[in-house]
Amino acid sequence: MLKEIWVEILTEEPSMENFLRGILPHILPLGYVLDQNCFIRPHEGKSHLKKSIPRKVKAFVNYQWPVKLIVIHDQDSNDCIELKAELKKLSKNEINTPTLIRIACRELENWYLGDLHALNRIYPDMGALNQVNIKKYSDADRVYGAFELEKLYRKFSKSHASREIPQFMNIDSNTSLSFKHLISGIKLFLSN
């Protein structure tokens, strides 16, 4: 049975939507189903997302069910605390919609580096498993993921990776702390 609550997940780009479509079915609490009461709304970059948030939350007052909002944004070179505060401010509305903000440190591709085994499954000739003992990859959130992946493998494709990696990811053993915060945050936020 579906919960009588609506979940809106706002992302800054379609590749995050692709990634979440692969991950969410494994972590959504009972009663939440993608495209039935849990919706992912991708945007065309950071500025598009930031402009869209106030308009979307203003419309929540007209929804049939109570709404919960999740905003997922890449950190890039931003200060994480300041970025989170800015997104919280943009998410405020008159009905105090429950909101969860999650920041991908530094970007979505860092979450891939947090599971080198999954990377190896979709890019076997990349040599991802050769990086397992490389110090800079032991903390996947410290590097710039897209840059590192393109350096490791010229044929790396953001859209291909976002669709394929989730099916091979071990959610529990990913070394990216921001990925772990995303997973635990969503589970807790939607369980209440």
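**Exercise 1. Work out how strand 1 sits among its neighbours.**

Start with the partner on one side: strand 1 and strand 3 run parallel, joined by six bridges. Helices and strands here are DSSP runs (H or I, at least four residues, for helices; E, at least two, for strands), numbered from the N terminus. Two strands pair if DSSP finds at least two bridges between them.

Before going on, a word on the model: it is predicted, so local features need pLDDT of at least 70 and side-chain atom pairs count only at pLDDT 80 or more, while totals for chains, interfaces and linings use all residues. Residues are numbered from 1 along each chain as its sequence is written, and side-chain values use heavy atoms, with hydrogens and water left out.

Now pick out single pairs. W6 has V67 as its bridge partner in strand 3. Next, look at strand 2 (residues 38–42): strand 1 pairs with it over five bridges, again in the parallel sense. There, L10 stands opposite R41.

Then check the cover. Five of the six residues in strand 1 (residues 6–11) are buried, where buried means under 20% relative accessible area, exposed over 50%, and partly exposed in between (1.4 Å probe, protein chains only).

Last, trace the connection. Strand 1, helix 1 (residues 14–27) and strand 2 form a right-handed β-α-β unit. Right-handed means that, with the strands pointing away from the viewer, the path from the first strand over the helix to the second runs clockwise.

**Exercise 2. Describe the surroundings of W65.**

Locate the residue: W65 is in the loop between helix 2 (46–59) and strand 3 (67–74). Its relative accessible area is 30%, so W65 counts as partly exposed.

Next, list what W65 touches. Leaving aside neighbours within four places in sequence, W65 is in contact (heavy atoms within 4.5 Å) with E4, I5 and W6.

**Exercise 3. Sum up the whole chain: what is the order of its elements?**

Count first: there are eight helices and four strands. From the N terminus, they run β-α-β-α-β-α-β-α-α-α-α-α. The radius of gyration, taken over C-alpha atoms, is 17 Å, close to the 16 Å that the globule rule (2.2 Å times the number of residues to the power 0.38) gives for 192 residues, so the chain is as compact as a globular protein of that length.

Finish with burial: 51% of the 192 residues count as buried.
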